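Subject: The structure I promised you

Hi,

Here is the structure we talked about, with my notes below. Have it open while you read, and take it one section at a time.

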Amino acid sequence: MRQARIYQYTLPVTAGLFLRDQRLTQREGLVVELSEGAQRGWGEIAPLPGFSQETFAEARHALIAATAVWCDHRNIAMPQLPPSVAWGLSIAQAELDQRLPTPSSFQTVPVCTGDPDALFAALGHVSGGPHSGGPHSGGPHSDDPSDEAKVKVGEYEVARDRLMVTTLLDAIPHLRLRLDANRRWRPEQLAAFWCGLSQAHQARISWIEEPCRDPYQSLAQAEALGVPLAWDETLRDSDDTGLKESDRVRTWVIKPTMMGDFAQVSQSVTRAHALGKIAVISSSLETSLGLTQLSRVASSLTPNVVPGLDTLGVFEQQLDRTWPGANQPLIPLDDQPLIWVNTL
């Protein structure tokens, strides 16, 4: 006998969270629970406002229809589903089938707001936490283990971004930085930022993610200046294989919630590795339930690269499963509204 249950959650997020200039006060999503015999599996479906191609209402409608198909023992056409629905259903099926790896390092690259002391603590230099350097810190292109952090740039003037980056690199000698501009820079701003760094500091930038609104401008500047690039939205938005696979592109940032089912995510990681690129699993503001599953996936598919999952801090509560070391109160899944159940 098969049964599917769908829960809906609404969790408050910390004040001051903006997504593409729109304030987000709460995170809304769905959790599907699949059961067959004694086995059960869970998956989170949470389109990210302003980024996902589907709305919450569209995801909910598609999820209910797809779980009805699953309960009827028919195959679900994953490529035809919205990405968040395909991901949540496929990860629930993988957990049910015991194909989702159980061990996880629960590592993540900390996101830095510019405070070196806070970053020291996050990296474990003070607290001895899980983010300290180790065999997984540098990724496949690193010669030596090193601490790594992510910094958002592009929100302020270039000079301020450059000062923050140089301050962090000077304060922590072995630090490497992943920079994410979220397509906020014009080409000349990217050039001004990069050329204003010393060569020693440039060498400690792991990559700059989506620097310009136009990816072709990003690529042109990267080729001219020697900037290591990372694609995120471009992986999903562009059909230009040459753009995505350029030698100047060092990293593919893979966000399963916005990409599709488990098989497609795995194929993207395999393709990135075949091209000699770093593949890094990254979150889309999932709850603690979704983040723990992403961590397990990252430990399996990208064991030599620390994933980008440092987003739990935006939540005031955890859902169903706890992230090690997190102090937000845990809300049981059963406390959330059950909006659909089907048994066949």
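In which sense do S8 and strand S9 pair, and over how many bridges? S8 and S9 (residues 205–209) pair in the parallel sense, over 4 bridges. Two strands count as paired if DSSP finds at least two bridges between them. The labels come from DSSP runs, numbered from the N terminus: helices are H or I runs of at least four residues, and strands are E runs of at least two.

Before going on, some housekeeping. This is a predicted model, so to speak of a local feature we need pLDDT of at least 70, side-chain atom pairs count only at pLDDT 80 or more, and totals for chains, interfaces and linings use all residues. Residues are numbered from 1 along each chain as its sequence is written, and side-chain values use heavy atoms, with hydrogens and water left out.

**The parallel sheet**

S8 and S9 belong to an open sheet of 7 strands, in the order S6-S7-S8-S9-S10-S11-S12, with parallel pairing. Its edge strands, each pairing on one side only, are S6 (111–112) and S12 (278–281). As background, strands of a sheet pair through backbone hydrogen bonds, either parallel or antiparallel.

Start at the S6 end: S6 and S7 share 2 bridges in the parallel sense, and Cys 112 stands opposite Val 151 in S7. Next, S7 (residues 148–152) pairs with S8 over 5 bridges, again in the parallel sense. Here Ala 149 sits opposite Leu 177 in S8.

S7, helix H4 (residues 158–171) and S8 make a right-handed β-α-β unit. Right-handed means that, with the strands pointing away from you, the path from the first strand over the helix to the second runs clockwise.

Why call S8 largely enclosed by the rest of the structure? Because 5 of the 5 residues of S8 (residues 176–180) are buried. Buried means under 20% relative accessible area, exposed over 50%, and partly exposed in between (1.4 Å probe, protein chains only). Arg 176, Arg 178 and Asp 180 point one way from S8, while Leu 177 and Leu 179 point the other way.

In S9, have a look at Ile 208. Ile 208 is buried, with a relative accessible area of 0%. Leaving out residues up to four places away in sequence, Ile 208 touches a list of residues that includes Leu 179, Trp 185, Phe 193, Trp 194 and Leu 229. Contact here means heavy atoms within 4.5 Å. Ile 208 and Arg 250 are 42 residues apart in sequence and 9.4 Å apart in space, C-alpha to C-alpha.

**The antiparallel sheet**

There is also an open sheet of 4 strands, ordered S5-S4-S1-S15, with antiparallel pairing. S5 (39–45) and S15 (338–343) are its edge strands, each pairing on one side only. The twist averages 15° from one strand to the next; axes are lines fitted to C-alpha atoms, for helices over the stretch in contact, and angles run from 0 to 180 degrees between N-to-C directions. S1 (residues 2–12) and S4 (residues 26–36) run antiparallel and are joined by 11 bridges, with Ala 4 opposite Leu 34 in S4.

Helix H1 (residues 56–71) packs on this sheet, touching S1, S4, S5 and S15, and its direction makes about 0° with that of S4. Helix H2 (residues 83–96) lies across S4 and S5, at about 160° to S5.

How do H1 and H2 meet? Their axes come within 9 Å and cross at roughly 35°. Among the residues in contact are Leu 63 and Trp 70 in H1, and Val 85 and Leu 89 in H2. The contact divides into 8 nonpolar, 3 polar and no charged residues. For that count, Ala, Val, Leu, Ile, Met, Phe, Trp, Tyr, Cys and Pro are nonpolar, Asp, Glu, Lys and Arg are charged, and the others, Gly among them, are polar.

**Two loop residues**

Most residues other than glycine have a negative phi. Arg 183, in the loop between S8 and helix H5 (187–195), has a positive phi near 60°. Leu 285, in the loop between S12 and helix H12 (288–301), also has a positive phi, of about 60°. Arg 183 is buried at 17% relative accessible area, and Leu 285 is buried at 10%.

Happy browsing!
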